[in-house]
Amino acid sequence: DLSKRIGVLASTLLGEPVRSVEIVSCGTLASGPGAARGAARLVQNGVLAGLLQSAMAETVNLVNAPVEASERGIGVVERTEASAEGWSALIKVRVTGAKTSRDVWGTVFQRSGPRIVRIDEFEFEFIPEGQVLLIRNRDVPGMIGKFGTILGKMNINIASMQLGRRTKGSDALTVLNLDDEPDKAVVAALVKEKNIISATPLRFS
């Protein structure tokens, strides 16, 4: 479910307890046939289930997620927008902690399934499934080769890659879909390198 995957991703990127979340259902989720069946409410519950997944030992699902979020004092704002930024349907989520906020947008392609299309200010299209590694880096020559070299030495194969950046020479966000899970040693080797700011592994179930 895309909404749950967005919640998992947003919570992981935030890296601290969630204090509040804003969930926006756009396009056909707000005004199409799905809206009459409570599509926006299903989106909200899915996002909350994803946000809480790593924080709870017991199972979180679409039914109990709103209650669990309320009990943890997480403020929830839900709204709809007619515009979907050029997509037919779009889910926009902003999570906020004590120190920072993170934005994650996602949509579903009719033939090829769910995609994450934006993280913060970075735009791209990647499949939220399996093992993923998100690398924040300076946009300088040689970075892609450096990722490949480090991961190759650790016997980790890159299945696919997406790169988002604001402008030439600014920060960039690289999303790698991997065949294997990177351990702490891999993450440490990456962040030791000049021009690599952070490396965040995540597995979508």
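**Cores, first helix, overall shape**

This is a predicted model. The largest nonpolar core has 39 residues, and the members that touch the most others in it are Leu9, Val21, Ile119 and Phe126. Apart from that core lies another, of 15 residues, including Ile135, Ile150, Leu151 and Ala189.

Back to Leu9. Which residues is Leu9 in contact with, leaving aside its neighbours within four places in sequence? The list is Val104, Ile116, Ile119, Phe126, Leu134, Leu202 and Phe204.

Next, helix H1, residues 2-14. With 13 residues at 1.5 Å a residue, H1 should span 18 Å, and its end C-alpha atoms are 18 Å apart, so the two agree. Is H1 largely enclosed or largely open? It is largely enclosed by the rest of the structure, because 10 of its 13 residues are buried. Those buried residues are Leu2, Ser3, Ile6, Gly7, Val8, Leu9, Ala10, Ser11, Leu13 and Leu14. Just after H1 comes Gly15, with a positive phi of about 70 degrees.

Now the whole protein. It has seven helices and 10 strands. Its radius of gyration is 17 Å, close to the 17 Å from the globule rule for 205 residues, so the protein is as compact as a globular protein of that length. The C-alpha trace spans about 50 × 40 × 30 Å along its principal axes.

On burial, 46% of the 205 residues count as buried. The accessible surface is about 10400 Å², and carbon and sulfur atoms make up 49% of that. Finally, among contacts with a separation of 6 or more, 65% are between residues 24 or more positions apart.

Terms used:
Residues numbered from 1 in each chain as written. Predicted model: local features only at pLDDT ≥ 70, side-chain atom pairs only at ≥ 80, totals over all residues. Heavy atoms only, no water. Core = buried A, V, L, I, M, F, W, Y, C linked by side-chain atoms within 4.5 Å. Buried < 20%, exposed > 50% of the residue type's maximum accessible area, 1.4 Å probe, protein only. Contact = heavy atoms within 4.5 Å. Helix = DSSP H or I, 4+ residues; strand = E, 2+ residues; numbered from the N terminus. Expected span 1.5 Å × (residues − 1). Rg over C-alpha atoms; globule rule 2.2 N^0.38 Å. Areas by Shrake-Rupley, 256 points an atom, 1.4 Å probe, with all protein chains shown as cover.
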